[in-house]
Amino acid sequence: MLNPVVSAGAFTELDKFMFESWGYFVIPNVLSKEEVKECLQASIRLHEAAGTVGWGQVGRGYESEHALENLMDHPSVLPKIRGLLGDRFIMQSGWNTMQPARGRMGGWHQDGSSAFDFKNLGYPVPLIQLRASFLLTDQEEPGMGNMELIPGSHRSLVPLPDSIRTANSGTPISHVICASAGSVLVFHNAVWHRAYEHNWDYDRYTMHYIYSPPWVKPSDRFHNDVNFMQRTTPVRRALMGDFSRPDAPFGASYTPPPFEDN
Ligand SMILES: O=C(O)CCC(=O)C(=O)O
């Protein structure tokens with residue numbers, strides 16, 4: 001099947017071309033089986049503590065769960081994020097989603113903010129929320145709670161027709177991402193997408209990290225957790241938005257996070 005698959009690590013010209021034309025790509029097998037297991041157990045703990053009923057998402061799990069914290073700046077994924085956003089960005093949020101066993105299709109949408117729709121910023125819709133989604137359960141065939149995307153739709157001048165949006169069924173213009181647990185989907189906020197149906201008897205978990213320009217407000221937190229900030233690494237602190245800058249309006253630049261190669 002046609003699949004925008006890229007290799008882990010370095011961001012290549014071909015990766016860039018694929019992202020620009022499809023709006024997303026997939027990095028297979030980023031996590032080992034043991035890492036997947038740890039992240040899955042962490043996800044289950046988070047949702048049990050939150051009392052999730054039905055489809056649900058829990059933010060900030062990276063603060064309390066070390067296995068999820070380790071994915072914030074994963075070396076297989078971070079070069080792609082830096083290749084697309086440059087060196088000055090933050091992690092706007094981290095959402096752990098649970099789709100219950102036998103869960104239905106999600107609704108078609110683009111990511112953004114209903115307080116100020118990203119499409120009002122101009123055409124093409126700018127990259128404001130770059131998402132890296134770590135699949136924590138196998139999604140090797142359709143019907144496993146896969147992500148479903150419409151390739152190239154981040155460049156569409158017109159909205160998705162209501163006939164497709166409201167039909168709770170399949171559409172021939174979409175792509176159901178099929179990949180094993182531990183793979184990562186990286187996608188642009190403006191790509192139309194939804195969660196595909198889940199026909200199996202276990203809950204499906206995915207951990208999403210959203211990266212944004214440094215002047216965007218975090219969306220899973222009002223304040224950073226003090227204990228987490230003291231304990232985590234300098235790069236992760238910077239990704240949480242903890243850096244000093246020479247002026248309030250970001251007019252001048254600031255020292256980028258201490259990435260290993262900087
Ligand atoms: O179900 C999921 O994991 C993702 C749902 C989704 O499309 C979103 O959070 O924007």
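Tyr254 counts as buried at 6% relative accessibility, where buried means under 20% relative accessible area, exposed over 50%, and partly exposed in between (1.4 Å probe, protein chains only). Tyr254 turns up in the segment after α8; helices here are DSSP runs of H or I with at least four residues, strands are runs of E with at least two, and both are numbered from the N terminus.

The model is a predicted one, so local features need pLDDT of at least 70 and side-chain atom pairs count only at pLDDT 80 or more, while totals for chains, interfaces and linings use all residues. Residues are numbered from 1 along each chain as its sequence is written, and side-chain values use heavy atoms, leaving out hydrogens and water.

Two elements give two or more residues to the shell around the ligand, namely β8 (193–195) and β9 (204–212).

The residues around the ligand are Trp55, Thr97, His109, Asp111, Arg131, Met147, His193, Ala195, Arg204 and His208, each with a heavy atom within 4 Å of it. By class, that shell holds three nonpolar, four polar and three charged residues. Here Ala, Val, Leu, Ile, Met, Phe, Trp, Tyr, Cys and Pro count as nonpolar, Asp, Glu, Lys and Arg as charged, and the others, Gly among them, as polar.

Polar contacts are pairs of N or O atoms within 3.5 Å; within protein, one atom must be able to donate a hydrogen and the other to accept it, and residues adjacent in sequence count only if both atoms are side-chain atoms. Thr97 has a polar side-chain atom 2.5 Å from a ligand oxygen, and for His109 the corresponding distance is 2.8 Å. With His193, an N or O atom of the side chain is 3.2 Å from an oxygen of the ligand. The protein covers 93% of the 290 Å² of accessible area that the ligand has on its own, by the Shrake-Rupley method with a 1.4 Å probe; for residues, only the protein chains shown count as cover.

Most residues other than glycine have a negative phi, and most peptide bonds are trans. Asn29, though not a glycine, has a positive phi of about 50 degrees; this residue is in the loop between β1 (24–27) and α2 (33–50) and is exposed at 54% relative accessibility. A cis peptide bond joins Tyr123 and Pro124, with omega about -5 degrees.
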